[in-house]
Amino acid sequence: MTNLTARTVGFKPRERNVFFHILTACNLSCRHCYINPAQHGTATLSLETMENWLRLFLDPARQTNLILLGGEPTLHPDLAAGIKTARQLGYRSVTVDSNGFLFHNLLERITPGEAVISFSLDGPTAKINDPIRGQGVFAACTANISKAAAMGFDVSLIYTVSRMNIAHLHLMPALLKDLGVRRFFIQVIGIRGKSAGFTRDNLQLTPEEWLSVIPAVAQKAAALGIHVIFPKVFLAAGEEFACAGRVAENYFIFPNGRVYQCPLCEDFPVHAFTIEDNRLVKNTGLTEDRFFTLDIPEGCVMNKLLQPGNIRYDDQGNPLYRISCCLLKQEMGSG
Ligand code: SF4
Ligand code: SF4
């Protein structure tokens with residue numbers, strides 16, 4: 001029977017997740033894009049560098065998951081070769097995060113067992129999605145989702161929730177079922193990149209908006225047999241806070257060689273590591289890991305620094321709730 005109760009997915013200390021941006025170029029210009037060329041560069045990695053860095057981040061002692069990102073990773077002509085190398089090296093799973101255009105005939109160049117394809121769509125119709133992601137994107141993306149599912153690929157979908165599309169989220173489960181999507185990631189709009197102007201655009205959600213809509217839609221999708229994953233965001237009283245930077249192994253790699261441990265830090269030159277001559281070099285000075293060790297009543301330190309509007313206080317100045325690590329997820333439904 002499908003489990004319709006949200007479960008928190010704790011960090012797994014023996015697991016390593018490698019989020020590898022192989023280029024920053026993209027054919028789209030989404031309103032909330034987090035890619036920041038001033039910080040992440042404009043390079044497209046050569047296949048040789050991609051493969052060297054894949055070797056660098058594989059730890060045989062740990063189960064290592066690889067997520068290939070851009071920009072739009074399928075714009076890279078050697079993406080399929082990189083996926084095959086990652087599998088041969090022993091990465092436990094490979095996921096390609098695509099905007100749906102699937103350039104260079106990706107589906108014809110890899111097998112369904114080699115990678116999960118994760119599509120991004122921000123609305124259940126072109127009318128909602130295309131003003132956010134671009135004209136014609138809904139049609140192109142949904143056609144490729146259907147094609148990938150029909151070819152036997154494991155297909156996921158990421159929906160970034162903001163003020164622009166939260167009212168339409170409830171229409172997604174039925175669409176996903178029709179398209180053959182097995183996993184539904186509901187993401188919350190971040191402050192990074194273009195959405196850093198969220199106060200102007202008023203894109204970001206209040207805790208009440210998030211909590212009143214997301215769990216109910218997740219239940220609806222789970223009831224249709226779709227596995228749903230969504231961020232925890234708010235910790236209830238008694239729930240433990242943990243910073244992934246301290247207790248988990250996540251690497252966010254950019255083509256200019258910067259390697260972050262926390263995605264909230266990616267707009268700033270505080271990366272913990274840099275790749276130099278195919279070696280991972282620990283940076284000194286004011287790096288992100290210096291923040292991870294600060295214990296504050298609000299929970300996540302970077303959230304407090306970058307998105308203080310998320311937090312409300314009582315008359316005595318105590319936070320009404322703590323903000324969880326942005327990497328802490330909840331899940332619903334069968335796996
Ligand atoms: S598809 Fe992704 S990388 Fe491209 S503009 Fe949209 S959010 Fe940015
Ligand atoms: S989001 Fe917050 S809690 Fe999570 S890794 Fe970054 S600083 Fe730590």
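Reader: How many cavities of 30 Å³ or more does the structure hold?
Author: This is a predicted model, in which local features need pLDDT of at least 70 and side-chain atom pairs count only at pLDDT 80 or more, while totals for chains, interfaces and linings use all residues. Residues are numbered from 1 along each chain as its sequence is written, chains are lettered from A and ligands numbered from 1 in the order in which they are written, and side-chain values use heavy atoms, with hydrogens and water left out. A cavity is a set of points, on a 1 Å grid over the protein atoms alone, where a 1.4 Å probe fits but cannot get out, and its volume is the space filled by probe spheres set on the points, which are joined across faces, edges and corners. The number of cavities of 30 Å³ or more is 2.

Reader: Which residues lie nearest the centre of the largest cavity?
Author: The largest cavity contains about 160 Å³ of space, and its lining, meaning residues with an atom within 4 Å of a point, is made up of 17 residues. Two or more of these come from each of α10 (244-247), α11 (289-292) and α12 (301-306), where helices are DSSP runs of H or I with at least four residues, and strands are runs of E with at least two, numbered from the N terminus. Nearest the centre lie C243, C262, F292, C300 and C325.

Reader: What is the make-up, by class, of the shell around ligand 2?
Author: Ligand 2 takes up the space that is the largest cavity, a molecule being placed in a cavity if more than half of its atoms lie within 2 Å of its grid points. The residues surrounding ligand 2, with a heavy atom within 4 Å, include F241, C243, C262, L264, F292, C300 and C325. With Ala, Val, Leu, Ile, Met, Phe, Trp, Tyr, Cys and Pro counted as nonpolar, Asp, Glu, Lys and Arg as charged, and the others, Gly among them, as polar, the lining of the largest cavity has 14 nonpolar, 3 polar and no charged residues. The shell around ligand 2 has 10 nonpolar, 1 polar and no charged residues.

Reader: Which residues surround ligand 1?
Author: By class, the shell around ligand 1 divides into 4 nonpolar, 3 polar and 1 charged residues. The residues in question are C26, L28, S29, C30, C33, G71, N99 and R133.

Reader: Which residues line the second largest cavity?
Author: The second largest cavity has a volume of about 30 Å³, and at least two residues of its lining come from each of α3 (79-89) and α4 (106-109). The lining has 5 nonpolar, 3 polar and 1 charged residues. These residues are T74, H76, P77, L79, A80, F103, H104, L106 and R109.

Reader: How many of the residues of strand β10 are buried?
Author: On one side of β10 (residues 249-253) lie E249, Y251 and I253 and on the other N250 and F252, and both faces are covered. Buried here means under 20% relative accessible area, as against exposed at over 50% and partly exposed in between, with a 1.4 Å probe and protein chains only. The number buried in β10 is 5 of 5.

Reader: What is the bridge partner of I253 in β11?
Author: Strands pair if DSSP finds at least two bridges between them, and β10 pairs with β2 (residues 15-21) in the parallel sense over 5 bridges. With β11 (residues 258-260), β10 pairs in the antiparallel sense over 2 bridges, forming a hairpin with 4 residues between the strands, where G257 in the turn has a positive phi of about 95°. The partner of I253 is V259.

Conventions
On a 1 Å grid over the protein atoms alone, a cavity is a set of points where a 1.4 Å probe fits but cannot get out, and a pocket is an open set with protein on both sides within 12 Å along at least five of seven lines; lining residues have an atom within 4 Å of a point.
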